[in-house]
Amino acid sequence: MNQSLTDQEKKILAREKASRKSNIQRRRISQNIAFTFLWLIGLAAIAILVWIIGYVFTKGLSTVNLEFLTTRPAGGFDGEGGISTTIVTTVYLVIFTLSIAAPLGIGAAIYFVEYANEAQNRSKFIQWLVRIARTGVEVLAGVPSIIFGLFGFAVFVSYMKLGFSLLSAGLSGACLVLPVIIRTTEEALLAVPESYREGSLGLGATKWQTVIGVVLPTAIPGIVTGIVLSVGRIISETAVFWVTLGGSYRLPQNLMSSGRTLALHVYMLATETRAFDKALGTSAILIMIIMILNLAINLSSKYFQKRLSGK
Amino acid sequence: MPRETLDSKLTQIQNEIYLLGSMVEQAILDATNTLKTRDLKEAKRIFEEDTVINEKRFALENAIIILLATQQPFARDLRLLAAMLLVVNELERMADYAKGIAKINIKIGKSDIDIPVRDFQKMAEQSVSMLHRSLSAFIEQNPNQAAAIPQEDDIVDELYTKIYHATIQYAITNPSYMDQANDILWIAHNLERFADRVTNICERTIFITTGELMEMSSNDDETDLSDF
Amino acid sequence: MRSLQSNGKPKITAKNFNLFYGDFQALKEINVDIPEHSITSIIGPSGCGKSTFLRSINRMNELIPCVKTTGKIFLDANDIFTQDVVELRKQVGMVFQRPNPFPKSIFDNVAYGPRAHGLKNKAVLEEIVEKSLTDAALWDEVKDNLHKSGLALSGGQQQRLCIARALAVEPQVILMDEPASALDPIATLKIEELIQNLKKEYTIVIVTHNMQQAARASDHTMVFNMNPDRSGYIIEYGKTSQIFTNPHEKITEDYISGRFG
């Protein structure tokens, strides 16, 4: 076949071949550069993380022992004692906050996703309300936590005269995590295939039966993720609880008791005492809890995925 | 058009059917002609060449079945392919009549019986003319043209009746020629059946265009029976 | 009125039925009788309202905001629009385009409908589950794994599970919206075979894009087409054998022989 080509044509063919070759090389080089760059960014991020955690752990873990975990803080300029009551207070606060925020948040999300559209068609007023509520949730999600704290202080602590207490802190904390729960639940509900709803309604189930029987069970993994995220948020929050929970390191006796969470304890140790090593030790415990929570999210979502896909 | 492959294949098969039709026309004309020339070698050739027509028919049938399987036609396409299947079958049977005539011709051999060559030729020419027009109508899918053709079968039938009576008369007066008279009757019968089958092709043309299957015979075998 | 010369009495009747999405008219003047204990397929070009009409029969369209209808649809002699929608959907089951078993066990999938309608007795539920799965030609394949998730089944099995789930409510009509379009050919044929057996007890209406399927699997065929304003209407309705060999309308002819547009 080549014999039929003229010299001119052969030249053009050769040039084309060469240019195609160099093109491939150029593309390969630019791809390699991009890959290297991305690798470096990734490594930098990991390095910073390892540095922080490593610093806290190496400096902090020396103070951590069974005694540290089981004795109550003794106060004082040297930050004496352990962290036992702060752990318990943290657990109390998490449970109390979530028992308010979870039903409210999940309920609101169900309304937004499953019912709002339908209701909006019925009246302009409802449509307007829903729009306001949605915008509200979005704005709340972006509000700095100290604002929630000030709000809680102004409304719960002062105006409602609940004082520095688990109750004030729980209500303020609920305001803080409500947007998180609403948004993650909304996302989880939206991720439930429309075909499940159609399938259920097509069988003659009511809307409510559909939501309870099919939609919620399917959305559980997403909702659980949202709740675990909220737990993390409550555990790591300082600003809100600083102005609503007080700072007492005694074990709270009831909802009206003041208290001190782990994060708050870290803050107070660091700012009001000389026991910086204990602050780091408490921080190490906090980081460990957060890590365990993340692990729990991963494991639970894997478990649910497995259960839902039936494999 | 989304159906170009099917359409071009259909046209191709139609052309092949037209070609097969021409071969059949030539065969029946040649067979009748050799009755006149008494060229027995030629008759033998016609007899043997029927296999070519048979092979062509099988090839066409195969092509149609492949189209049915691979294109899954519906409605008019389906009717057209089903009709084609029948038409190629009809053409093959018509060719068998030419073959039959050639065979009888050889059988008559050197016998000096008087063959009504003129009438046979008239029958053959009329039948071929009908076949030719019916195939045109089939390929153009022209139901009006197709509907007019079966009536012309009467001309062939009349010639057949004429030959029939003359031959019976001849056999009565010349009983020693009974065998050959019987042969003559068979030739006439073959030509008459050949023309009858043209009607079937016309029926298919109307089926393609209207989707209706109906009997079109003008005055068929039943009326002939009254002559016996 | 496009009624059919059929022996069966009409199970579903549409009278001057129109459907609008907001200002857009999706279905125009649908007048049709669907005979009882038969399989009726709905074919037609995309976007001509086949599924919309199907989903009108169990009022599934009401899930979409801004849908309005005029005219009537009757199930037997009852106006479906004055009936309680839950009650209607109990009588008119539906199978969807993609198999959509719930992320529950096979047993719970099939028992879902009866449970939603208030049945609690475990023995009765077990009986219904077995019968429904048997009727859906799935029992032999899953009887040892009823606790397994419905999602662990193959696509074809999932669709048969969905059919079993619909049967468990004991409907009179089963609507199928392209039930085999997501399945492989063998699974498709299994579903078609299954439908043939179901028509003894149920009236089946099936929307399909697959003309061979409509030709193979249905007794009657309804051909939808689009007006110039994109609203859908029935151009031809008749016995499947007639529609696919000798349609009366040129548009039907063009559509089923693949020469549309």
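Visitor: Which helices of chain A each supply at least two residues of the lining of the second largest cavity?
Guide: Helices here are DSSP runs of H or I, at least four residues long, and strands are E runs of at least two, numbered from the N terminus. The lining residues include A:Leu140, A:Phe148 and A:Leu176. The helices that each supply at least two such residues are H4 (124-142) and H6 (166-190) of chain A.

Visitor: What kind of model is this?
Guide: Residues are numbered from 1 along each chain as its sequence is written, while chains are lettered from A and ligands numbered from 1 in the order in which they are written. Side-chain values use heavy atoms, without hydrogens or water, local features need pLDDT of at least 70, side-chain atom pairs count only at pLDDT 80 or more, and totals for chains, interfaces and linings use all residues, since this is a predicted model.

Visitor: How much space lies in the second largest cavity?
Guide: On a 1 Å grid over the protein atoms alone, a cavity is a set of points where a 1.4 Å probe fits but cannot get out, a pocket is an open set with protein on both sides within 12 Å along at least five of seven lines, and lining residues have an atom within 4 Å of a point. The lining of this cavity divides into seven nonpolar residues, no polar and one charged, with H6(A) giving the most, three residues. Its volume (space filled by probe spheres set on grid points joined across faces, edges and corners) is about 30 Å³.

Visitor: Which three residues of chain C lose the most area to chain A?
Guide: Contact (heavy atoms within 4.5 Å) joins 26 residues of chain C to 21 residues of chain A. The buried area (accessible area to a 1.4 Å probe that two parts lose on being put together, summed over both) is about 1900 Å², with 61% from carbon and sulfur atoms. Together giving 26% of what that side buries, the three are C:Phe102, C:Pro103 and C:Tyr112.

Visitor: With which residue does A:Glu198 form a salt bridge?
Guide: A salt bridge is a side-chain nitrogen of Lys or Arg within 4 Å of a carboxyl oxygen of Asp or Glu. Chain C and chain A have one. With the closest N and O atoms 3.1 Å apart, the partner of A:Glu198 is C:Arg55.

Visitor: Which residues supply 45% of the area that chain C buries against chain B?
Guide: This contact takes 14 residues from chain C and 16 residues from chain B. The area buried is about 1100 Å², of which carbon and sulfur atoms give 50%. Supplying 45% of the chain C side, more than any other three residues, are C:Gln212, C:Asn246 and C:Arg259.

Visitor: Which residue of chain C meets B:Asp77 in a salt bridge?
Guide: The count between chain C and chain B is two salt bridges. In one of them, at 2.4 Å from N to O, the partner of B:Asp77 is C:Arg259.

How values were computed:
Nonpolar A, V, L, I, M, F, W, Y, C, P; charged D, E, K, R; others polar.
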